[in-house]
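Student: Please take me through the terms used for this model. I want each value set against its cut-off.

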Amino acid sequence: MESQLALELVRVTEEAALRSALWSGRGDKNSADEAATTGMREQFDSVAMDGVVVIGEGEMDEAPMLYIGERVGNGQGPQMDVAVDPLEGTETVANGLNNALSVIAAAPRGQLLHAPDIYMHKLAAGPELAGKLSLDDPIELTLRKASAILGRPLSEMTVSILDRKRHEDMIKALRNAGVRIKLLTHGDVMGAIETCLDSEVDLYVGSGGAPEGVLAAAALKCLGGEIQGRLIPETAEDYERCTRMGLEHPEQLLQLEDMVGSEGVMFVATGVTSGEFLRGVKYLTGQRAETHSVMMYSGTRTVRYLRSVHHRFRHSDPVAEVRTQAVSSL
């Protein structure tokens, strides 16, 4: 059942990727995101499940599509919590850069953390370091622990972190410790996943979106890695949103199981633009397009890659179409 549902969910991320990739390099992140969201929502209608969005494009009053609490699927099949990011890396696509993804995580009802769209402190690591580090430790102690466990000097370790002004002090501490730093312009989910891949990255640290933290947790659960997090509610409204979503203590330390539970978790993604993890959408001749996707399931720790060629996919210039529609409406 898990394999069949994962295949159906891949069709959803494929559709989102195919539509949003048409906007790659066009400098319009909003249109790219809208294209991905529309494609994902339409394709969800044919998926055999009774799904509820717990991580989405915002709350009901803020998002017209794929909002938190929206029902997805055809209502027949397993009851699932669903976390979505139709386009992980909107600015990445707008600027024609690498590592943009369309992502879905799903788990049996009640297994995924209902996280509001606020920041979260994060620490992610691969299987060798899973269960052996703590987000509560100062970064310098975390680095020393990781160095000892991995059996490598700090100078041979790599830590990834979003290149943001809020991280200036942490980046300085990392440089003082002597580790290599991979500065990420975007891609919070991919930054955490990379710690579990055959890459140079040992740790992912810093703060990013809480919804992206849950999506990353689903992938790391399947890959044997770990992520810890702590929400950063900055206003009374943030606190109220957290408690409304069932978080009695919004600033508690969240372990991997707090974010994705202990039962079978699925994670699927399709590359929009190429990166270390997945190849991006490639438009072929004769109205064909190629996508590259991944399917993971925590129950068996299985990771499957899927290359698909889509026939009769119309990949015309979306900007030209928008202009034509605008002129015809005059």
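Predicted model: local features only at pLDDT ≥ 70, side-chain atom pairs only at ≥ 80, totals over all residues.

Student: How do you know that the span of helix α7 agrees with its 14 residues?

Tutor: The expected span is 1.5 Å times one less than the number of residues. For residues 210-223 that gives 20 Å, and the end C-alpha atoms are 20 Å apart, so the two agree. In α7, 14 of 14 residues are buried.

Student: Why does F277 count as buried?

Tutor: Buried means under 20% relative accessible area, exposed over 50%, partly exposed in between (1.4 Å probe, protein chains only). F277 has 7%, so it is buried. Y305 has 46%, so it is partly exposed.

Student: What makes the pair of F277 and Y305 edge-to-face?

Tutor: Ring centres must lie within 6.5 Å; planes under 30 degrees apart are stacked, over 60 edge-to-face, the rest tilted. Here the centres are 6.3 Å apart and the planes at 80°, so the pair is edge-to-face. F277 sits in the loop between β10 and β11, Y305 in strand β13, 28 residues apart.

Student: How do you know that β6 and β7 pair?

Tutor: Pairing needs at least two DSSP bridges. β6 and β7 have 5, in the parallel sense. S160 stands opposite K182 in β7.

Notes:
Residues numbered from 1 in each chain as written. Heavy atoms only, no water. Phe/Tyr/Trp six-rings, centres within 6.5 Å; stacked < 30°, edge-to-face > 60°. Helix = DSSP H or I, 4+ residues; strand = E, 2+ residues; numbered from the N terminus.
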